[in-house]
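Have a look at the model first.

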Amino acid sequence: MGNFFEKHRAKLNASALVFILVIPFFLYAAAIHGAIFQVKLFLALMIGTMLFVLTKG
Amino acid sequence: MTDVFIVKWLFALSPILMVLVLMIFNNWSGSRAGAAGWFVSLIMATFFFGAHLELIAYSQMKGVLLSLNVLYIIWAALLLYHVVNETGAIRAIGIGIQRFSGDKSIQILIFGWIFASFLQGVAGYGVPIAVVAPLLVALGFSPVVSVAVPAIGHSWSVTFGSMGASFQALMAVSGLESSYLAPWSAVLLGIATFLCGIFAVYVYGGWKMVNHSLRAILIIGTVMAGTQYLLSVSGMWTLGGFGASLAGLCSGLAVAKLKVYNQAPSSQAQPQMGLWWALTAYLILIVIVSAGVMIPSVKAFLGQVKLSFTFPEIISLKGWVIKAGKGKAINIFGHGGALLLYSSIISFFVYRSKGFYEPRALKTILQKTVKSGVPTSLGIVSMVCFAMIMDHCQMIYILAEGISRVFGSIYPLVAPWIGLLGAFMTGSNTNSNVVFGVLQQETAHLAGLSAALILAAQTTGGALGSMITPAKILVGCSTVGLAGKEGPVLKTTLRYGLVITGIIGIITALASLVI
């Protein structure tokens with residue numbers, strides 16, 4: 001698992017960047033329409049992505 | 001009551017403190033430390049400052065809009081740098097400059113002060129030190145001096161360098177216009193220009209060498225500081241660092257011909273392209289940015305498409321109100337980043353038509369751009385996003401209130417030190433402005449001081465922090481065989497960084513008495 005992360009580190013970091021830049025747009029859309037479940041869902045995705053950056057970034 | 005405020009203040013400080021500790025003591029990258037700061041701010045905001053789901057959602061969207069404004073410039077600047085560097089043009093510019101004088105003090109000034117600033121103007125992110133340090137070693141300077149000199153010399157140009165990315169960040173987080181922020185920023189950075197030149201020479205040859213080169217420092221410094229001021233106050237702040245250093249390069253080469261400095265060059269290395277061809281990309285950049293900024297019809301045409309989002313009023317569970325309004329708009333085709341992108345594309349085709357590229361150069365350029373851009377971007381986005389959470393939950397206001405209570409009227413003395421600390425802990429002037437820009441603005445407001453002056457001190461301190469940023473020192477040391485022996489370099493740059501920041505603090509305090 002560790003080898004996988006090391007081998008694909010650059011691509012995974014680039015993907016994390018894309019996620020961090022895109023998820024807030026969905027968060028905004030969900031919040032503006034009052035869709036609390038979607039806000040929670042996208043916030044969980046944001047937390048997951050940040051967790052990846054924190055541990056493997 | 002005071003105790004409660006202190007606890008709240010410490011809670012509000014915790015995300016910043018976390019980033020600081022992880023980067024300084026644990027050597028974490030900006031992206032990882034930024035993510036850690038994001039988690040701490042999320043936890044603190046939720047449990048102690050009344051954050052709720054909608055507040056966090058909107059704050060993240062605002063954070064991304066601010067980030068995109070900065071990243072647009074950073075990615076385009078990196079692309080332009082690699083488009084140029086892949087032709088060998090950066091090395092050709094270095095060799096071209098070297099031919100002008102064999103005087104050591106002039107070489108220090110031209111390479112370590114002017115050329116390093118020029119590289120900061122077009123690229124930044126450690127490139128000036130990484131490129132100039134090996135050139136100075138090749139000229140016979142010691143490795144420690146070769147890294148320390150460009151680190152000190154280029155710092156003044158960081159805010160308006162990299163096509164003004166740091167200044168853009170300052171405007172983005174403060175919500176203030178360039179016409180309000182630029183004059184004082186240019187004045188303080190102009191003073192730093194002279195100080196950086198003086199200490200760059202001092203590192204090599206002490207006061208005797210400073211005395212010998214004083215005339216050159218005064219002439220070139222005046223040209224660079226003056227050009228930077230004129231460009232930034234006239235709205236062309238994206239070209240502030242680049243234009244100033246280009247003007248400095250011209251004046252430096254003229255000064256090198258003065259009798260007192262006119263010695264035969266020690267090296268006869270031949271560049272693989274002429275100086276004018278090497279500078280072509282930057283000439284294209286000047287034309288495009290000038291047209292995009294100064295010709296109203298072009299500016300209006302490019303400014304037709306803007307990405308903008310409207311936000312409702314947000315009230316935290318503790319009653320902190322963020323007014324409704326539009327988030328930071330992104331001018332898709334007229335943004336500084338877009339102008340850089342046009343310049344990169346045109347320059348690529350010009351160089352390719354002249355056969356300056358190896359086969360598959362485009363793939364190499366794009367790979368290098370992505371490789372250098374992703375880590376920087378992750379750091380910026382995570383830090384901007386946690387700064388936005390803090391801003392939306394009153395945390396930054398509480399920090400500012402605490403600082404203004406403690407320092408009060410002598411706060412201007414402290415302002416540049418906060419910028420310096422931010423750059424040291426986050427690795428860049430841009431990040432420093434993002435993390436501390438709003439804090440400084442709020443503190444200035446509470447202390448009844450000019451926000452323009454305090455934010456100028458913030459960004460000047462942040463720019464000077466570039467000379468002591470561990471990541472940049474590491475990059476420089478790795479290019480001259482000092483990997484693992486960064487201590488002496490950091491010790492040298494730290495000493496002069498603190499002195500220059502102290503002087504800027506005093507000047508800021510004096511200025512605050514008259515405005």
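Contact here means heavy atoms within 4.5 Å. By that rule, 24 residues of chain A touch 30 residues of chain B. This is a predicted model, where local features need pLDDT of at least 70 and side-chain atom pairs count only at pLDDT 80 or more, while totals for chains, interfaces and linings use all residues. Residues are numbered from 1 along each chain as its sequence is written, chains are lettered from A in the order in which they are written, and side-chain values use heavy atoms, with hydrogens and water left out.

- On chain A's side, the elements giving two or more residues are helix H2 (9-32) and helix H3 (36-56); helices are DSSP runs (H or I, at least four residues), numbered from the N terminus.
- H2(A) gives the most, with twelve residues.
- By class, this side of chain A has 20 nonpolar, three polar and one charged residues, with Ala, Val, Leu, Ile, Met, Phe, Trp, Tyr, Cys and Pro counted as nonpolar, Asp, Glu, Lys and Arg as charged, and the others, Gly among them, as polar.

**Salt bridges**

- Over all chains, the search turns up two salt bridges.
- Glu86(B) and Lys368(B) pair up in a salt bridge (3.2 Å, N to O).
- Glu86(B) sits in the loop between helix H3 (53-85) and helix H4 (89-98) of chain B, and Lys368(B) in helix H14 (residues 361-392) of chain B, so the pair ties together parts 282 residues apart in sequence.

Terms used: Salt bridge = Lys/Arg side-chain N within 4 Å of Asp/Glu carboxyl O.
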